[in-house]
Amino acid sequence: MMALSPEERAAVLALNPQARPQDLDRFEALLVERLEAAEVDPARAQALDRELKEMEARLFPRLQEALQQVWARQPEEPEEPGEPGVA
Amino acid sequence: MTVRIRAERPTVDPTGPPPAFTIRTDRQFCEVEVTCDPVLFNGALAGRRRPENFSTSRDEGALAVRQGRARYQLDEAAWRALRRYPYLYYRAIAYDGPLPRRQREEESLAAHDFRQAPAIYLAPPGTRLPPVRRRLSGNLKWLRVAGNRLVDEDDDPVVLRGVNLSGMEYTDRGGLDPTGVRRPTSREAAGITRELIREIVRHWRANIIRLPLNQEWALTREDYLANLDRIIEWAAAEGAYTLLDLQWFDTHREFGHLADGRVNRVPPMPEENSVRLWRLLAARYRREPAVLFDLFNEPHVPLADDQAALTPALATEGEWVDHWHSWVRRLEQVIHREHGRALLFVSGWDWALNLRHFPVPLPGGRTLPNAVYAAHVYHHTTPGRSTATPADWDHWFGFPRLREAHPIFLTEWGGEAAQLRWGLELEQYLRDLHRFRQGVWPGLAGWTAWSWADRPLLVERGTGSRTLPNGTQVTWRTYILDGPHHRPTEFGELVKAALGTMPAFPRLAFALDRLRGGRGRFFITATPARREDFFAVQGHDFTPGTRVLFSTPGATVWVAPRVILPHLLLVPQLPAAVPLGEVLCEVVRPDGVRSDPIRLVVAAAPGDVSEIYPGDESKPAARRFTILFLANPVVETRTGAVAADPLLARRDRFHRAVAEALRSLFGRRETLLHPYALDIRVVARFAPEAVVPAHALCRQIAGATMEAMRPRVQAYLAAKGLSADVCFVLFHSASHRRSSAHRTLDDAASAGRRFLYDQVEYHHRRRAREPGVVALHAPPASVLTPLHELIHALGERDNGGVTDLYVDSPPVLFSVNRKRRARAGGPVPRRFADYDGQSYASDPRRDGRGYPASWRSYHPELIHPRFPNLMDDYYYQGAMTRCRLDRLTLKFLRDRLEWKLGR
């Protein structure tokens, strides 16, 4: 999983003012841990799911809304030359 | 006191009076020996001494010593014979009693210490060999030997292919250049200009030029060295390395005659001045990665009528080979002492044909460091020396024992028009030796064809002439041009075509039978043509701007691919403008090179599965390393419900996302996959499915993230008759767009390659029980997302993988690329880890921006400080496309891939 972009981080923290940057760092670290735990320790992964859910509800209730705002501003395709089609 | 001798001047003008020497001794008499090569001080070689290489004062009688001192000036006749050499070596012998009854004889230098012989340097007054004042090498990277590969600073395999640009070894200053103009330097008289270098590198697409040298001129002429600098700089500016090759000692010595009666100027063995030459050049170019060193052109037993060779007669071939090996060891020491990173090319025995006696052994079972073994091959059918067939090539230089452990190189090969078929077969043989085959590198580091200027020729040459006012006829050798370009000979056409299809990466090489007559056109293959479906063209050396042309008797349609990789063009969806039914399809590069047309039948409707790239077709599809792109049918929400993935309603979005992913995997700065691109099979599947839990391959998790469920993906693939090593499950979501990956689960029952990581044993396995899986949003969030996630997915659950570096939490799985210090903010250990017998350093400053004070994590060293770690928080690194893997992770994943590709 990639890190959140600066725009995404800023939007999440702006819409969730109760959260500090270090809370977001902790949330991201838990998410990485959760993805790895899912491979070897389902019980731990479930516990981390619960912890993430609780943290999201408490500190980042508007996380998805914030990210969707950023995504809505992004182009559908990466900005690179070489459009397909009939030349 | 014994005897000492000193030259009165260390440098002597060869056009001035003879050099003089002062001898100090307590003996009554003395004599002085002067020679062009101190090996001749050895009495065993007395038979090789001649007036043109050796002089002794004994011929004039004993020199009387008065008050412990004598003076000797070389006589005029000897001086005339010897003054054409760059160095003259000398020693004194002193004794008591008249000559016939010499007693208490002493030598200033024992014969066996000839390497320490003092010398005088013969050069015009004011000669000062100029230092290199600027960097000549442009953007070229340092090259080094790693196992049987040549690699660059990023550890990427490198193949060098080019030509020999002869002329500097024999063209004297003041000669006529190819346009008939008299020129003041050897380079100009040889016709070596910036335009010529550009023609070779840019138009013929060479990335190495082998430059034969004249030892004497390099040792004595300022302008010669300055012009070497210039050639090196021009070649490097165009992107080519220069291989300096000791070809001739000088233009006056003859080393016998060849079988066709021609004078042989190629010496059989190096001489003392060769040591001086390489010391000079190694010191001169110690900061220039563009300069490579070919120690000696063609070592051989002196020809029967060779009167100039100074080598003692040896009885057996083994002794000769040992003699050559001892020279190689000496030259290696001299060069590496001056220039520790010098890459050496060591010629085979017997005119460089025979590599069977190599590598060159060193004490303790070691072999020569940073050395490439080089062969020359021309068409011979002589019994015992045949080079006519692949079996012969295997015998002389292509045998596994050498090339599986050391890189080999053909520094000369070439032929006349009558040998074209042989040349085609040899070129094919060489191609096969410099491409990864099932994850194994066969050992060829490249070749340089002979020659731009001399027979057998690569380009046509003619003769120009004119009559001077005094009636004298002068002639010169011209080049024959077609417009601005040199006209290739027939064999040159073959070489040019081979260079013109030089792969961007070593693995991206195709069989020569795809070339028509060696004339530079190429064959292509393509997927089935279906409107609105993927259309992929497989070939080689596609360059930016390459287009696909469809034509029928009534219409032509040009299509610009979305993805242009050296080996693959991908049109995400074939446009409806392409006519249905039978069409001709061809590829046109921006430089005008066109493929041969292929006949296709265009269908109206897309299919479910497309094999975008077939991979290694020498084995069944099921054994090929496969990357699969799968449109996710159903998604499991955070409440546990299932819903159709909206992606299945947007086929165009799936196709474009696959195209972006391929560009990310194979077309970015990170070269992890590039060497193996031709071996990797790429398949895409887009098919509707019922909305049932079994088809839910992805699920939503916290943090707006989507997760692919590996066991369910494996079950789904099995049900559909598909298999993969890595499966990208593409999804679309308004709420959960963040992509993620899970590692591969290897099949522990399949063959393993053992490795040690910090002394703990692990294994890479040939096969996967469950593929690595990636949940990838369509479209991908960034140009690097597919590659970043693939790197996670390539790892193995229990035997090592790659973790994210932008967090500090302890990795749950064994990860090769992150460790933790004993305490937060503590010093970063210099050594990161030992992997497979090699120690890897840490990245002390985390991409240059430092580790947060609260962190315990630290990472392996970067490939280069300019390339931040691709697994870190690359949003903070400026242009994210600069990011690469660290050195340890790249090696680890390449080992893993190569093991799997070898199944």
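## Ground rules

Two residues are in contact if their C-beta atoms, placed from the backbone, lie within 7 Å. This is a predicted model: local features need pLDDT of at least 70, side-chain atom pairs count only at pLDDT 80 or more, and totals for chains, interfaces and linings use all residues. Residues are numbered from 1 along each chain as its sequence is written, while chains are lettered from A and ligands numbered from 1 in the order in which they are written.

## Domains of chain B

Twelve residues of domain 1 of chain B are in contact with 10 residues of domain 2 of chain B. On the domain 1 side, nine residues are nonpolar, none polar and three charged. Here Ala, Val, Leu, Ile, Met, Phe, Trp, Tyr, Cys and Pro count as nonpolar, Asp, Glu, Lys and Arg as charged, and the others, Gly among them, as polar.

Chain B has four domains: domain 1 (3–122), domain 2 (147–458 + 489–514), domain 3 (525–605) and domain 4 (612–901). These bounds come from an automatic or database domain assignment. The C-alpha centres of domains 1 and 2 of chain B lie 37 Å apart.

## Chain A

Chain A has four helices and one strand, in the order α-α-α-α-β along the sequence. Helices (H or I, at least four residues) and strands (E, at least two) are DSSP runs, numbered from the N terminus. Of the 87 residues of chain A, 33% are buried (20 or more other C-beta atoms within 10 Å of the residue's own, C-beta atoms being placed from the backbone).

## A helix pair in chain A

Helix 2 (residues 21–40) and helix 3 (residues 42–59) of chain A pack at about 155°, with axes 9 Å apart. Helix 2 of chain A is therefore roughly antiparallel to helix 3 of chain A (an angle over 145 degrees). Axes are lines fitted to C-alpha atoms, for helices over the stretch in contact, and angles run from 0 to 180 degrees between N-to-C directions.

Residues of helix 2 that meet helix 3 in chain A include Phe27(A), Leu30(A) and Arg34(A). Among their partners in helix 3 are Leu48(A), Leu52(A) and Met55(A). By class, this contact has 11 nonpolar, no polar and six charged residues.

## Where the chains meet

On chain B, 44 residues are in contact with 35 residues of chain A. Several elements of chain B each supply at least two residues to its side, including helix 13 (651–666) and helix 15 (785–794). Strand 28 of chain B gives the most, with four residues. The chain B side has 22 nonpolar, 10 polar and 12 charged residues.

Technical notes: A residue is buried if 20 or more other C-beta atoms lie within 10 Å of its own, exposed if 12 or fewer, and partly exposed in between; C-beta atoms are placed from the backbone. Angles under 35 degrees count as roughly parallel, over 145 as roughly antiparallel, 65 to 115 as roughly perpendicular and the rest as oblique.
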